[in-house]
Amino acid sequence: MPGHREHSRASRVLLGRSYPAVDAMMDSPSKYLYGAHHIVLHDMAAVRIAIRLWGEEAGLAATLHIALDMGMLTMADVKSWEQVRRGFGRKPSARARRVRS
């Protein structure tokens, strides 16, 4: 299961910033339930709580947290998106500029 560092990285890549308060809230039952903590606060109720406390984007962060913990999204997926986002920030090569002209 991903740790705080992975959740933070995924949020930065996919949402533009990290949401440590959301991740802390969702992982707080792990102190008592350890690996089974995802049975609590890993549902739509947790998403609604995050939205109410921190806004719409926090709800997306909570959804992302659940997707990572449940294996619906992997860190390999996050790395792929990271590479895509980096590519969008680059200036086109001289050849690409000639082709567009």
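Predicted model: local features only at pLDDT ≥ 70, side-chain atom pairs only at ≥ 80, totals over all residues.

Colleague: Thanks. Is A67 buried or exposed?

Modeller: A67 is buried, with a relative accessible area of 16%; buried means under 20% relative accessible area, exposed means over 50%, and partly exposed is in between, with a 1.4 Å probe and protein chains only.

Colleague: And what does A67 touch, not counting residues up to four places away in sequence?

Modeller: With those neighbours set aside, A67 touches M72 and L73, and a contact here means heavy atoms within 4.5 Å. The C-alpha atoms of A67 and H42 are separated by 9.2 Å, although these two residues are 25 apart along the chain.

Colleague: Stepping back, how many helices and strands does the protein chain have?

Modeller: The protein chain has 7 helices and 0 strands, and buried residues make up 31% of its 101 residues. If you take the contacts between residues at least 6 apart in sequence, 56% of them join residues at least 24 apart.

Colleague: Which residues make up the largest nonpolar core?

Modeller: That core has 11 residues in all, namely Y19, V22, M25, M26, A46, V47, A50, A58, A61, A62 and I66. By nonpolar core I mean a set of buried Ala, Val, Leu, Ile, Met, Phe, Trp, Tyr and Cys residues joined through side-chain atoms within 4.5 Å. The elements that give two or more residues to this core are α2, α4 and α5, and α5 gives the most, with 4 residues. Apart from this core lies another one of 8 residues, among them L64, A67, M75 and V78, so the residue you began with has a place there. As background, nonpolar side chains tend to be buried together in soluble globular proteins.

Colleague: What does Y19 touch, if I leave out residues up to four places away in sequence?

Modeller: Y19 then touches S11, E57, A58 and A61.

Colleague: Let me turn to α4. Which of its residues are buried?

Modeller: Helix α4 covers residues 44-54, and its buried residues are A46, V47 and A50. They cover an arc of only 105° around the axis, which puts them on the same side of α4; the arc is that of the directions from the helix axis to the C-beta atoms. These buried residues pack against α2 (20-27) and α5 (56-69).

Colleague: Which residues are exposed on the other side of α4?

Modeller: On that other side, M44, R48 and R52 are exposed, and R48 has a relative accessible area of 53%. The C-alpha atoms of R48 and A62, which are 14 residues apart along the chain, are separated by 8.9 Å. After α4 comes G55, whose phi is positive, near 105°.

Colleague: New topic: how many salt bridges does the structure hold?

Modeller: The structure holds 2 salt bridges, each being a side-chain nitrogen of Lys or Arg within 4 Å of a carboxyl oxygen of Asp or Glu. In one of them the side chains of E82 and R9 meet at 2.5 Å, N to O, and this pair links distant parts of the chain, with E82 in helix α6 and R9 in helix α1 (residues 4-15), 73 residues apart. The side chains of E82 and R86 also meet in a salt bridge, at 3.8 Å, N to O.

Colleague: What separates E82 and R86 along helix α6?

Modeller: E82 and R86 are separated by about one helical turn, because they are 4 residues apart in helix α6. Altogether, R9, E82 and R86 are linked in a network of salt bridges.

Colleague: And how accessible are E82, R9 and R86?

Modeller: E82 counts as buried at 19% relative accessibility, whereas R9 is partly exposed at 25% and R86 is partly exposed at 49%.

How values were computed: Residues numbered from 1 in each chain as written. Heavy atoms only, no water.
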